[in-house]
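Student: I would like to go through this model and ask what stands behind each label.
Tutor: Go ahead; each label will be set against its definition.

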Amino acid sequence: MKIAWFVLPFLVWCIPAFGQDDFHVFTDKKGQKIEAIVLEILEETNQVRIKRKDGRVFAIQITMLCLDDQQHLKNLLVPPPPPRPKGEIGVFGILPGEKEVDVTAAEGIDDIVDFGVLKDGWLALRENGDVIGFSNRFRDFEDVEEIFTNTVWWSIVSRDGLVLRERGEPLYPDVLKNVTFSVHGNSHAAALHEDGTVSVWGFHYAQQEGGQREAQPAPGDLGGIVQLASVQHHAAALDSEGKVYVWDPKTGQIESAIIGAGITEISGGVFSFFGLDKEGKVYRWGTRGIDRASVPREVEGEGPFVKIRCSGATNAAQREDGTWLAWGKNGAGVVDFINEELGAVQDLLVFTEPVSADVGYVVW
C-alpha cells in the first residue's frame, strides 16, 4: 500500500546536516533557486527546514518546490533499496517432485558471472571458468566462457570457442570453432561465431553417412549477428542494426523484420520469442510469423525496460530502477514473488513447469 509521504500527521523526520558537498540547489515553482542543506522535514506542517551557506535557517512549504525537488525530499526519507551484492545468488521456489532448490554448491562463492536454470536444477559460471550447479552433470566443466539454458535445453561454450558436451568433451570440434554463444531447441541448435556468422545443426538438418548430425551455415547466410535465441521448434538471430531473423529448422525458410524502434535484445521461452527495443518496449511473437510481433498485454503501460529474461512459461523484464515485472506461469508463486517481494536485483532467471501450477523457482 502506497502512502502519500507528505501528509502523514504529527511526524518530524530529522535529516543529518551533511558536509558542504551535500548542498542542494532547490527551485521553487516560480523558478527562484536556493542552495541549502536539508535539516529536517516537518510533516505536521508539510514544511522542510533548510540551512543556506550563509548560515541562515528557515522553513518553506514543500508544495512550493518544483516536482523534482519534492521527489528529492522523498528520496531522502525513503531511499530505494540497494541492489543485492554482485557475484552472489539467491533462490526461491521448488523443483519438480516438490524438492526445495539446493543452493549449497554456491554457498560462500561471490565471483559468479553468469547462471542458468533448467528443469532439473540450476548452474552457474564462476569468474575462473568453472561451472557449479544443482546437477552433478555440470560440475566437471572448466575454462568455460558462456552458458545457455532454457527449461530443458542447455549449451556451454569454452574459452577457446568450442561447443561442449556433458562432462566437457567438445561437440564437433572440426566444424564449430570460434563460437561465442550457442542455443538449443527441440532437435535443433545454432552457434554464433566470432565473425558474426551462424551455424546450425540437429535432427532437421543434413546428415552425414551413418546418421551423424552435421553442422552447416544458417539459412540465408546470416551475417553481422550479435545474439541468438530459441523456442521449441524455431530459432532467431539479432543483427547489429536491430533486425530480427527467425527460421523454422524443418523448412529452412527465414523471415526478417524491424520491430519497434529496433531490437536490442532477444530471448525465447517455450512457446514465444520476446524482443526489447531501443525505447524500452517489449515485443512478443510466436511461431506463426514474426510479422505478428506486438507489445504483450502484460507490459503495456509498464517500463521502460532495460533487460528481458524469458525461460520456459514465465517471462520477466527489468525496469530502470532495477526492479522486475514478471508474467506468465506462476508455478510455486514465482511471478508473485518477483513482482511483490524480490525488489531490485542485477539479474534473474526463472523456471516453471508448463504442466504444473505448483512447480517453479527463481535464481537471482
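**Labels and their criteria**

Student: Why is Leu162 called buried?
Tutor: Buried means under 20% relative accessible area, exposed over 50% and partly exposed in between, with a 1.4 Å probe and protein chains only. Leu162 has a relative accessible area of 15%, so Leu162 is buried. Leu162 is found in the loop between β12 (153-158) and β13 (163-164). Its C-alpha atom is separated by 8.4 Å from that of Thr180, 18 residues apart along the chain.

Student: What kind of model is this, and how are residues numbered?
Tutor: It is a predicted model, in which local features need pLDDT of at least 70 and side-chain atom pairs count only at pLDDT 80 or more, while totals for chains, interfaces and linings use all residues. Residues are numbered from 1 along each chain as its sequence is written, and side-chain values use heavy atoms, with hydrogens and water left out.

Student: How many helices and strands are there, and what makes a stretch count as one?
Tutor: Helices (H or I, at least four residues) and strands (E, at least two) are DSSP runs, numbered from the N terminus. The protein has two helices and 29 strands.

Student: What makes β25 an edge strand?
Tutor: Two strands pair if DSSP finds at least two bridges between them. β25 and β26 (residues 314-319) are joined over six bridges in the antiparallel sense, and Lys307 stands opposite Gln318 in β26. The open sheet has three strands, in the order β25-β26-β27, with antiparallel pairing. β25 (305-311) and β27 (324-328) each have a single partner strand, so one side of each lacks a neighbour in the sheet.

Student: What makes a set of residues a nonpolar core?
Tutor: The set must consist of buried Ala, Val, Leu, Ile, Met, Phe, Trp, Tyr and Cys residues joined through side-chain atoms within 4.5 Å. The largest such core has 15 residues, and Ala190, Val198, Leu222, Ile225, Leu228 and Trp247 touch the most other members. Among the strands that each supply at least two residues of this core are β14 (179-185), β15 (188-193) and β18 (225-230).

Student: Which residues does Ile225 touch?
Tutor: Contact means heavy atoms within 4.5 Å. Not counting residues up to four places away in sequence, Ile225 touches Leu192, Gly196, Val198, Ala237, Leu238, Asp239 and Tyr245.
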